[in-house]
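Trainee: I would like to learn how to read a protein model with you. Could we go through this one together, please?

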Amino acid sequence: MQSWITRINVVAAMFSAPPFPAAVSSQKKFSRPLLPSAATRLSQEEQVRTHEAKLKAMKSELREHRAALLGKKARGKEAEEQRQKEAYLEFEKSRYGTYAALLRVKLKAGSEELDTVEAALAQAGSREDGVPSPHSSPSLQPNISSQPRAQCHGSEPQAGAGSGRRKP
């Protein structure tokens, strides 16, 4: 599975084009940028530089976002939008970091063959060259806190269960 994820990330890093600007609105609501459907026209060296620049920009924007939240108590819809923006910035930071690291290893390996790139990646990972371990989308991981949980209080019977009698 890790090999499969690594290969998908390498190919995505090679062909990903910069996102389009987010939709314009009269509201101050956060909107994600639109991802293009066409492959990039940049060389792989230019792709690495672009991914590294986007990584730097995402880190900066995330710091600014968190600094703006200090001391603020947002509620409801505003709090949810702030949480969504932070999650988006974290994901993009991780994505650009992964793409830049994978492309650097691919360029260093000097091959288009994914087997060769994967072997170079395994070797780079064993030397701790800042190559992130491959992972799938965080949206695929179960969110434990959002799963419903049953609450039980000691030996008290649950409503609707047991003999059908209600407590006085």
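Trainee: Is W4 buried or exposed?

Mentor: This is a predicted model, where local features need pLDDT of at least 70, side-chain atom pairs count only at pLDDT 80 or more, and totals for chains, interfaces and linings use all residues. Residues are numbered from 1 along each chain as its sequence is written, and side-chain values use heavy atoms, with hydrogens and water left out. Buried means under 20% relative accessible area, exposed over 50%, and partly exposed in between, with a 1.4 Å probe and protein chains only. W4 has 59% relative accessibility, so W4 is exposed.

Trainee: In which helix does W4 lie?

Mentor: Helices are DSSP runs of H or I with at least four residues, strands are runs of E with at least two, and both are numbered from the N terminus. The run that holds W4 covers residues 2-15, and its name is helix α1.

Trainee: What order do the elements of the protein run in?

Mentor: The protein has 4 helices and 2 strands. Read from the N terminus on, the order is α-β-β-α-α-α.

Trainee: How many salt bridges does the structure hold?

Mentor: Side chains of opposite charge can pair when their charged atoms come close. A salt bridge is a side-chain nitrogen of Lys or Arg within 4 Å of a carboxyl oxygen of Asp or Glu. By that rule, the number of salt bridges in the structure is 9.

Trainee: How many residues apart in sequence are the parts that R7 and E118 tie together?

Mentor: The side chains of R7 and E118 form a salt bridge at 2.9 Å, N to O. R7 belongs to helix α1 and E118 to helix α4 (residues 114-126), so the pair ties together parts whose separation in sequence is 111 residues.

Trainee: Which residue forms a salt bridge with R104?

Mentor: The distance in this salt bridge is 2.5 Å, N to O, and the partner of R104 is E52. The pair links distant parts of the chain, 52 residues apart, with R104 in helix α3 and E52 in helix α2.

Trainee: Which residues do salt bridges that share partners join into one network?

Mentor: Start with E90 and R66, a salt bridge whose closest N and O atoms are 2.2 Å apart. E90 is in helix α3 and R66 in helix α2, 24 residues apart, and this pair links distant parts of the chain. Through shared partners, the one network consists of R66, E86, E90 and K93.

Trainee: Over the ring of which residue does the charged end of R95 sit?

Mentor: R95 lies in helix α3, residues 76-109, and R95 is buried because its relative accessible area is 15%. A charge sits over a ring if NZ of Lys or CZ of Arg is within 6 Å of the ring centre and within 35 degrees of the ring normal. The charged end of R95 is 4.5 Å from the centre of the ring, which belongs to Y96.

Trainee: Which side chain makes a polar contact with the side chain of H51?

Mentor: H51 is in helix α2, residues 44-69, and a relative accessible area of 2% is why H51 counts as buried. A polar contact is a pair of N or O atoms within 3.5 Å; within protein, one must be able to donate a hydrogen and the other to accept it, and residues adjacent in sequence count only if both atoms are side-chain atoms. For H51 the contact is 3.5 Å, and the partner is S16.
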